Protein chains: 2
Amino acid sequence: MAKASQVGSTTLDRDNGQEAGGAIRQRNEREILEAAERVFARHGYRGASLQAIAEEAGLPKSNVLYYMGSKKALYVRLLEGVMERWNIMLDDISEDDDPAEVLSAFIRSKMEMSRLYPQASRLFASEILQGAPFLQDFLRGELREWVESRAKVFRGWAERGLMDPVDPVSLIFLIWSATQHYADFEAQVLGITGRDALEDDDIERITAFLTQIVLKGCGVETAGLRL
Amino acid sequence: MAKASQVGSTTLDRDNGQEAGGAIRQRNEREILEAAERVFARHGYRGASLQAIAEEAGLPKSNVLYYMGSKKALYVRLLEGVMERWNIMLDDISEDDDPAEVLSAFIRSKMEMSRLYPQASRLFASEILQGAPFLQDFLRGELREWVESRAKVFRGWAERGLMDPVDPVSLIFLIWSATQHYADFEAQVLGITGRDALEDDDIERITAFLTQIVLKGCGVETAGLRL
DNA sequence: TCAATAGTTGACCATTCGGTCAGATTCTTC
DNA sequence: GAAGAATCTGACCGAATGGTCAACTATTGA
């Protein structure tokens with residue numbers, strides 16, 4: 001299952017992922033992780049303080065360290081969680097699939113990620129803004145291969161005339177940026193639109209918009225596709 | 001000239017923008033501002049330390065405070081600088097302009113911003129990730145009006161059949177996110193593509209890609225436009 | 001029941017944080 | 001070259017930082 005390749009150099013494998021632990025531990029760890037995700041997403045690794053995380057979780061600082069060991073270990077564990085959710089989306093595609101279906105499903109699932117896990121998206125964004133000190137290996141390894149494999153399929157479609165011969169990597173970046181924008185820049189989106197929050201039908205409307213632009217923009221046939 | 005509306009509550013107007021000061025002051029302030037932009041962009045407001053900024057600028061910490069007064073004043077001044085560059089792009093458009101020309105110029109100028117001032121873009125991104133504590137007023141005021149005025153023009157074009165009736169605000173967000181991506185997520189882009197840096201022709205290629213997707217995706221006539 | 005294990009937490013530590021200040025040095029101006 | 005302004009900076013301050021630890025309580029299993 002790969003895990004998020006190295007991810008720094010801390011040994012964190014003592015309780016690796018699915019291990020349960022007591023019911024108390026499970027509940028407290030979940031609460032700490034959720035609180036930490038919010039604080040790290042907002043203030044970045046250096047800007048987040050254990051005190052702030054502890055207060056957000058409603059626990060004394062010592063308790064946070066009791067469960068998480070150190071600030072770095074906590075941060076790395078959060079990143080691993082983000083990468084894990086990311087990997088769920090890693091279902092394979094082939095040249096035999098329908099471009100319109102694959103692209104629209106891709107856009108939809110990325111929009112749902114932004115909708116369901118905005119904090120995770122922001123945490124990732126913050127890590128990248130810092131220069132990706134902990135995720136270098138992931139970017140240059142797993143994620144790069146993922147992009148390359150998709151790119152090859154896109155190129156195949158283009159050769160068969162199913163879509164315009166656009167640069168596949170740029171296309172992937174376009175979809176990533178446009179979808180993540182609504183999580184990472186939520187404050188900007190809300191400020192400009194004057195809304196308090198984005199509702200389900202906003203997301204639906206934006207998804208439809210992006211799908212239309214991308215499919216039409218790439219010259220993908222949408223015959224027989226419900227949009 | 002509007003300035004960046006309030007921007008926090010610190011009184012920073014003692015040396016407002018174009019005021020020169022001695023040659024020494026001018027040089028040192030510039031060096032400090034450039035260093036601070038890098039550090040704030042990477043670590044966020046809370047994560048950036050005056051010590052780190054001072055080292056980056058090659059000056060003692062006391063000197064930074066001598067010129068900038070306080071951490072908050074330094075940060076606000078940087079944001080004002082970013083907004084100022086932003087406002088340069090604020091040239092007006094009208095329904096009489098050619099949609100293809102306006103949209104492609106818009107994409108090009110945003111890509112150039114990402115190319116020329118990546119640190120400024122990241123600083124802005126970091127501020128938004130924090131929930132835009134200092135830029136709330138700017139977002140809800142100036143920027144909102146800017147978006148609305150553009151949206152009205154886009155709608156006019158759609159009514160006259162010059163482009164598809166897509167949601168103009170979503171379109172603006174799409175262009176913003178896609179272009180800023182190459183500055184804000186540079187570490188990701190470089191990691192995935194395995195490059196050391198993005199060159200001028202990369203930017204040119206990406207600009208052409210985005211222009212093609214957006215124009216075609218919006219159903220804009222590109223007759224007689226050099227692309 | 002009772003010992004072992006797990007969980008809790010305040011006191012404390014060295015370091016770093018943003019910021020102040022006094023005194024030294026350098027630059028300008030006449 | 002002297003007076004005054006601008007610049008420079010090490011010493012220092014209280015508060016906050018990440019982290020340790022020992023003493024304590026709660027839970028669990030035999």
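Predicted model: local features only at pLDDT ≥ 70, side-chain atom pairs only at ≥ 80, totals over all residues.

Residues are numbered from 1 along each chain as its sequence is written, and chains are lettered from A and ligands numbered from 1 in the order in which they are written.

The same surface serves both copies, since 98% of the contact residues of chain B recur in chain A.

How many residues does the contact take from each chain? There are 47 from chain B and 46 from chain A, where contact means that the C-beta atoms of two residues, placed from the backbone, lie within 7 Å. On the side of chain B that touches chain A, helices H1 (23–47), H6 (118–129), H7 (136–159), H8 (168–184), H9 (186–193) and H10 (200–217) of chain B each supply at least two residues. Helices here are DSSP runs of H or I with at least four residues, numbered from the N terminus. H8(B) gives the largest share, eight residues. By class, this side of chain B holds 24 nonpolar, 15 polar and eight charged residues. Ala, Val, Leu, Ile, Met, Phe, Trp, Tyr, Cys and Pro count as nonpolar, Asp, Glu, Lys and Arg as charged, and the others, Gly among them, as polar.

I turn now to the DNA. Around DNA strand D there are 19 residues, of which A:Ser49, A:Ser70, A:Lys71, B:Arg25 and B:Ser62 come nearest; a residue is near a strand if its C-beta atom, placed from the backbone, lies within 6 Å of it. Helices H2 (50–57), H3 (61–68) and H4 (71–88) of chain A, together with H1 and H3 (61–68) of chain B, each give two or more residues to this surface. Its residues are seven nonpolar, nine polar and three charged.

DNA strand C is surrounded by 21 residues, the closest being A:Arg25, A:Ser62, B:Ser49, B:Leu50 and B:Lys71. The surface near DNA strand C has eight nonpolar, 10 polar and three charged residues.
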